Amino acid sequence: MSALFIKSPNFTQGRKGFKPIAIVIHIMEGTLDGTDSWFGSRSSNVSAHYGIGKNGELHQYVKEEDTAWHAGRVDHPSWKLIKPAEDEAGMYINPNYYTIGIEHEGSEDTDWTEEMYATSSNLIAAIAQRWDITLDRDHVVGHHEIYSLKDCPGTKVDLNRLIAQAGGAPPAVPEWVVIKTGVTGKATTKNNVNIRRDPSTRMAPLASVPPGIQLAYDGYTEVGQSIDGNSKWYYTDEGNWFWSGTMK
(Lines give C-alpha, C1' and ligand atoms only; values in the text may rest on other atoms or scores of the structure.)
Protein backbone atom coordinates (compact mmCIF):
# COMPACT_ATOMS: atom_id res chain seq x y z
CA MET A 1 0.00 0.00 0.00
CA SER A 2 1.14 3.53 -0.74
CA ALA A 3 1.31 5.91 2.21
CA LEU A 4 2.36 9.55 2.47
CA PHE A 5 5.29 9.51 4.87
CA ILE A 6 5.22 12.42 7.35
CA LYS A 7 8.02 11.66 9.78
CA SER A 8 7.30 12.20 13.45
CA PRO A 9 10.18 13.04 15.81
CA ASN A 10 8.37 11.15 18.56
CA PHE A 11 9.61 7.58 18.34
CA THR A 12 12.20 5.20 19.74
CA GLN A 13 14.59 3.67 17.26
CA GLY A 14 14.16 -0.10 17.13
CA ARG A 15 11.98 -2.16 19.48
CA LYS A 16 14.23 -3.14 22.39
CA GLY A 17 14.51 -6.70 21.10
CA PHE A 18 10.76 -7.20 20.62
CA LYS A 19 8.76 -7.64 17.40
CA PRO A 20 5.18 -6.56 16.66
CA ILE A 21 2.64 -9.17 17.76
CA ALA A 22 -0.52 -7.04 17.60
CA ILE A 23 -2.15 -4.01 15.99
CA VAL A 24 -3.76 -1.32 18.15
CA ILE A 25 -6.71 0.63 16.74
CA HIS A 26 -7.09 4.29 17.77
CA ILE A 27 -9.45 7.19 17.04
CA MET A 28 -7.88 10.62 16.52
CA GLU A 29 -10.53 12.72 18.25
CA GLY A 30 -9.80 15.16 15.46
CA THR A 31 -8.80 15.50 11.84
CA LEU A 32 -6.07 13.89 9.79
CA ASP A 33 -4.46 17.29 9.18
CA GLY A 34 -4.54 18.05 12.88
CA THR A 35 -2.96 14.69 13.69
CA ASP A 36 -0.23 15.31 11.11
CA SER A 37 0.60 18.53 12.93
CA TRP A 38 0.29 17.06 16.43
CA PHE A 39 2.51 14.07 15.71
CA GLY A 40 5.00 16.39 14.00
CA SER A 41 5.47 18.43 17.18
CA ARG A 42 8.09 17.31 19.69
CA SER A 43 6.05 18.91 22.46
CA SER A 44 3.15 16.49 21.91
CA ASN A 45 5.33 13.52 22.92
CA VAL A 46 2.99 11.12 21.06
CA SER A 47 2.79 9.39 17.69
CA ALA A 48 1.45 6.33 15.91
CA HIS A 49 2.75 4.35 12.98
CA TYR A 50 -0.16 5.26 10.69
CA GLY A 51 -3.10 7.61 10.32
CA ILE A 52 -6.16 7.06 8.13
CA GLY A 53 -8.49 9.82 6.94
CA LYS A 54 -12.25 9.70 6.37
CA ASN A 55 -11.68 9.54 2.62
CA GLY A 56 -9.26 6.65 2.95
CA GLU A 57 -6.03 8.66 2.85
CA LEU A 58 -3.11 6.83 4.43
CA HIS A 59 -0.29 8.65 6.23
CA GLN A 60 2.70 7.05 7.91
CA TYR A 61 4.54 8.74 10.80
CA VAL A 62 6.90 6.07 12.15
CA LYS A 63 8.50 3.07 10.45
CA GLU A 64 7.12 -0.28 11.57
CA GLU A 65 10.60 -1.38 12.63
CA ASP A 66 10.67 1.48 15.16
CA THR A 67 8.60 2.14 18.28
CA ALA A 68 5.81 4.71 18.02
CA TRP A 69 4.51 6.30 21.22
CA HIS A 70 0.83 5.36 21.01
CA ALA A 71 -0.01 2.86 23.77
CA GLY A 72 2.63 3.19 26.45
CA ARG A 73 0.26 3.82 29.37
CA VAL A 74 -1.40 0.77 30.92
CA ASP A 75 -4.43 0.77 33.22
CA HIS A 76 -6.52 -2.31 34.13
CA PRO A 77 -5.83 -3.96 30.76
CA SER A 78 -8.32 -6.45 29.34
CA TRP A 79 -5.99 -7.47 26.48
CA LYS A 80 -5.06 -11.12 26.88
CA LEU A 81 -1.60 -10.82 25.29
CA ILE A 82 -0.24 -7.88 27.27
CA LYS A 83 3.22 -8.72 28.59
CA PRO A 84 3.76 -8.46 32.37
CA ALA A 85 7.09 -7.23 33.66
CA GLU A 86 9.13 -10.15 34.96
CA ASP A 87 10.52 -8.46 38.07
CA GLU A 88 7.71 -6.09 39.08
CA ALA A 89 4.32 -7.40 40.18
CA GLY A 90 1.41 -5.53 38.61
CA MET A 91 3.67 -3.81 36.07
CA TYR A 92 3.91 -4.36 32.31
CA ILE A 93 6.46 -4.20 29.53
CA ASN A 94 5.72 -1.10 27.46
CA PRO A 95 3.18 -2.26 24.82
CA ASN A 96 4.65 0.19 22.32
CA TYR A 97 7.59 -2.17 21.87
CA TYR A 98 5.45 -5.01 20.50
CA THR A 99 2.50 -3.31 18.81
CA ILE A 100 1.78 -1.23 15.70
CA GLY A 101 -0.60 1.71 16.16
CA ILE A 102 -3.13 2.96 13.60
CA GLU A 103 -5.03 6.22 14.16
CA HIS A 104 -8.35 6.95 12.42
CA GLU A 105 -9.93 10.31 11.69
CA GLY A 106 -13.00 11.29 13.69
CA SER A 107 -14.21 10.93 17.26
CA GLU A 108 -15.44 8.13 19.50
CA ASP A 109 -19.11 8.75 18.62
CA THR A 110 -18.91 9.22 14.84
CA ASP A 111 -19.53 6.48 12.29
CA TRP A 112 -16.66 5.17 10.22
CA THR A 113 -16.78 5.64 6.47
CA GLU A 114 -16.54 2.79 3.98
CA GLU A 115 -13.25 4.31 2.80
CA MET A 116 -11.83 4.10 6.33
CA TYR A 117 -12.83 0.46 6.67
CA ALA A 118 -11.32 -0.35 3.27
CA THR A 119 -7.96 1.35 3.87
CA SER A 120 -7.67 0.17 7.46
CA SER A 121 -8.49 -3.46 6.67
CA ASN A 122 -6.05 -3.51 3.74
CA LEU A 123 -3.35 -2.01 5.95
CA ILE A 124 -4.06 -4.50 8.74
CA ALA A 125 -3.78 -7.36 6.24
CA ALA A 126 -0.44 -6.06 4.96
CA ILE A 127 0.96 -5.55 8.46
CA ALA A 128 -0.20 -9.01 9.53
CA GLN A 129 1.53 -10.59 6.53
CA ARG A 130 4.78 -8.68 7.13
CA TRP A 131 5.00 -9.59 10.81
CA ASP A 132 3.17 -12.94 10.84
CA ILE A 133 0.39 -11.59 13.08
CA THR A 134 -2.75 -13.69 13.50
CA LEU A 135 -5.90 -11.86 12.41
CA ASP A 136 -8.25 -12.19 15.37
CA ARG A 137 -9.50 -10.13 18.33
CA ASP A 138 -6.51 -11.06 20.46
CA HIS A 139 -4.14 -9.54 17.90
CA VAL A 140 -6.21 -6.58 16.63
CA VAL A 141 -7.27 -4.62 19.70
CA GLY A 142 -8.76 -1.31 20.72
CA HIS A 143 -6.60 1.14 22.68
CA HIS A 144 -9.02 0.93 25.62
CA GLU A 145 -8.09 -2.75 26.03
CA ILE A 146 -4.65 -1.54 27.13
CA TYR A 147 -5.59 1.76 28.81
CA SER A 148 -9.05 1.44 30.36
CA LEU A 149 -9.35 5.14 31.26
CA LYS A 150 -10.03 5.92 27.59
CA ASP A 151 -12.86 4.65 25.36
CA CYS A 152 -10.62 4.83 22.28
CA PRO A 153 -11.47 3.94 19.53
CA GLY A 154 -15.09 4.29 20.72
CA THR A 155 -18.21 2.23 20.14
CA LYS A 156 -18.81 3.06 16.46
CA VAL A 157 -16.05 0.96 14.96
CA ASP A 158 -16.70 -2.73 14.28
CA LEU A 159 -13.35 -4.37 14.99
CA ASN A 160 -14.61 -7.76 13.88
CA ARG A 161 -15.56 -6.27 10.52
CA LEU A 162 -12.05 -4.85 10.16
CA ILE A 163 -10.57 -8.26 10.92
CA ALA A 164 -12.94 -10.06 8.54
CA GLN A 165 -12.23 -7.60 5.70
CA ALA A 166 -8.51 -8.09 6.35
CA GLY A 167 -8.94 -11.82 5.80
CA GLY A 168 -9.37 -13.01 9.37
CA ALA A 169 -12.02 -15.40 10.59
CA PRO A 170 -15.22 -14.09 12.23
CA PRO A 171 -15.44 -14.68 15.99
CA ALA A 172 -16.85 -18.02 17.04
CA VAL A 173 -20.19 -17.86 18.83
CA PRO A 174 -20.12 -19.89 22.07
CA GLU A 175 -22.36 -22.94 21.93
CA TRP A 176 -24.33 -21.82 24.98
CA VAL A 177 -25.44 -18.53 23.38
CA VAL A 178 -29.12 -18.47 22.40
CA ILE A 179 -29.31 -16.84 18.97
CA LYS A 180 -32.40 -14.83 18.08
CA THR A 181 -33.97 -15.66 14.75
CA GLY A 182 -35.99 -13.54 12.33
CA VAL A 183 -35.60 -10.18 14.04
CA THR A 184 -32.73 -8.34 15.71
CA GLY A 185 -33.34 -7.48 19.34
CA LYS A 186 -32.81 -4.00 20.76
CA ALA A 187 -32.64 -2.62 24.29
CA THR A 188 -32.12 0.86 25.73
CA THR A 189 -29.60 1.69 28.44
CA LYS A 190 -31.04 2.81 31.80
CA ASN A 191 -27.68 4.01 33.10
CA ASN A 192 -24.04 3.61 32.14
CA VAL A 193 -23.57 0.21 30.53
CA ASN A 194 -20.23 -1.56 30.21
CA ILE A 195 -19.43 -3.51 27.05
CA ARG A 196 -17.36 -6.59 27.87
CA ARG A 197 -15.40 -9.38 26.18
CA ASP A 198 -17.36 -12.09 27.99
CA PRO A 199 -20.55 -12.27 30.12
CA SER A 200 -18.81 -11.42 33.39
CA THR A 201 -16.97 -8.63 35.17
CA ARG A 202 -13.72 -10.55 35.53
CA MET A 203 -11.89 -8.22 33.13
CA ALA A 204 -11.98 -4.47 32.61
CA PRO A 205 -14.75 -3.29 30.25
CA LEU A 206 -14.02 -2.57 26.60
CA ALA A 207 -16.17 0.57 26.58
CA SER A 208 -18.96 2.34 28.46
CA VAL A 209 -22.25 3.49 26.90
CA PRO A 210 -24.24 6.33 28.55
CA PRO A 211 -27.97 6.20 29.47
CA GLY A 212 -30.63 6.49 26.79
CA ILE A 213 -28.68 4.71 24.02
CA GLN A 214 -30.31 1.90 22.05
CA LEU A 215 -28.11 -1.18 21.66
CA ALA A 216 -28.75 -4.05 19.26
CA TYR A 217 -28.12 -7.65 20.22
CA ASP A 218 -28.08 -10.88 18.23
CA GLY A 219 -28.32 -13.36 21.07
CA TYR A 220 -28.14 -13.85 24.80
CA THR A 221 -27.18 -16.25 27.56
CA GLU A 222 -28.88 -16.90 30.85
CA VAL A 223 -25.83 -18.54 32.39
CA GLY A 224 -23.51 -15.54 32.57
CA GLN A 225 -22.20 -14.07 35.81
CA SER A 226 -25.08 -13.50 38.22
CA ILE A 227 -25.39 -9.89 39.40
CA ASP A 228 -28.17 -9.08 41.86
CA GLY A 229 -29.68 -12.46 40.98
CA ASN A 230 -29.74 -11.75 37.22
CA SER A 231 -27.45 -13.88 35.02
CA LYS A 232 -28.85 -12.86 31.61
CA TRP A 233 -26.36 -11.15 29.29
CA TYR A 234 -26.88 -9.94 25.71
CA TYR A 235 -24.52 -10.94 22.90
CA THR A 236 -23.66 -8.51 20.06
CA ASP A 237 -22.68 -9.18 16.46
CA GLU A 238 -19.21 -7.87 17.37
CA GLY A 239 -18.74 -10.78 19.76
CA ASN A 240 -19.12 -8.66 22.92
CA TRP A 241 -21.53 -8.66 25.86
CA PHE A 242 -23.60 -6.37 28.08
CA TRP A 243 -25.65 -7.22 31.18
CA SER A 244 -29.42 -7.15 30.86
CA GLY A 245 -29.88 -5.63 34.31
CA THR A 246 -28.77 -2.23 33.04
CA MET A 247 -31.24 -2.25 30.12
CA LYS A 248 -34.94 -1.55 29.57
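The following legends describe close-up views of a predicted model.

**View A. The largest pocket and its lining.** The largest pocket has a volume of about 780 Å³. Its lining comprises 33 residues, of which Thr-155, Lys-156, Val-157, Leu-215 and Glu-238 are the closest to the pocket centre. Helix 3 (159-165), strand 12 (207-209) and strand 13 (214-217) each contribute at least two lining residues; strand 13 gives the most, with four. Sorted by class, the lining holds 14 nonpolar, nine polar and 10 charged residues.

View B. Six strands form an open sheet of mixed pairing in the order 1-5-4-7-3-8. Strand 1 (4-5) and strand 8 (140-142) stand at the edges; each has a single partner strand, so one side of each lacks a neighbour in the sheet. Within the sheet, strand 3 (residues 22-25) and strand 7 (residues 99-104) pair in the parallel sense over four bridges. Ile-25 lies opposite Ile-102 of strand 7.

**View C. The cis peptide bond at Pro-153.** Cys-152 and Pro-153 are joined by a cis peptide bond with an omega of about 10°. Pro-153 belongs to the loop between strand 8 and helix 3. Most peptide bonds are trans, and most residues other than glycine have a negative phi.

**View D. Two loop residues with positive phi.** Asn-45, which is not a glycine, has a positive phi of about 65° and is found in the loop between helix 1 (32-39) and strand 4 (50-52). With 48% relative accessibility, Asn-45 counts as partly exposed. Asp-132 also has a positive phi, near 55°, and is placed in the loop between helix 2 (114-131) and strand 8. Asp-132 has a relative accessible area of 68% and is therefore exposed, the cut-off being over 50%.

Definitions and conventions: Residues are numbered from 1 along each chain as its sequence is written. This is a predicted model: local features need pLDDT of at least 70, side-chain atom pairs count only at pLDDT 80 or more; totals for chains, interfaces and linings use all residues. Side-chain values use heavy atoms; hydrogens and water are left out. On a 1 Å grid over the protein atoms alone, a cavity is a set of points where a 1.4 Å probe fits but cannot get out, and a pocket is an open set with protein on both sides within 12 Å along at least five of seven lines; lining residues have an atom within 4 Å of a point. Grid points are joined across faces, edges and corners, and a volume is the space filled by probe spheres set on the points. Ala, Val, Leu, Ile, Met, Phe, Trp, Tyr, Cys and Pro count as nonpolar, Asp, Glu, Lys and Arg as charged, and the others, Gly among them, as polar. Two strands pair if DSSP finds at least two bridges between them. Buried means under 20% relative accessible area, exposed over 50%, partly exposed in between (1.4 Å probe, protein chains only).
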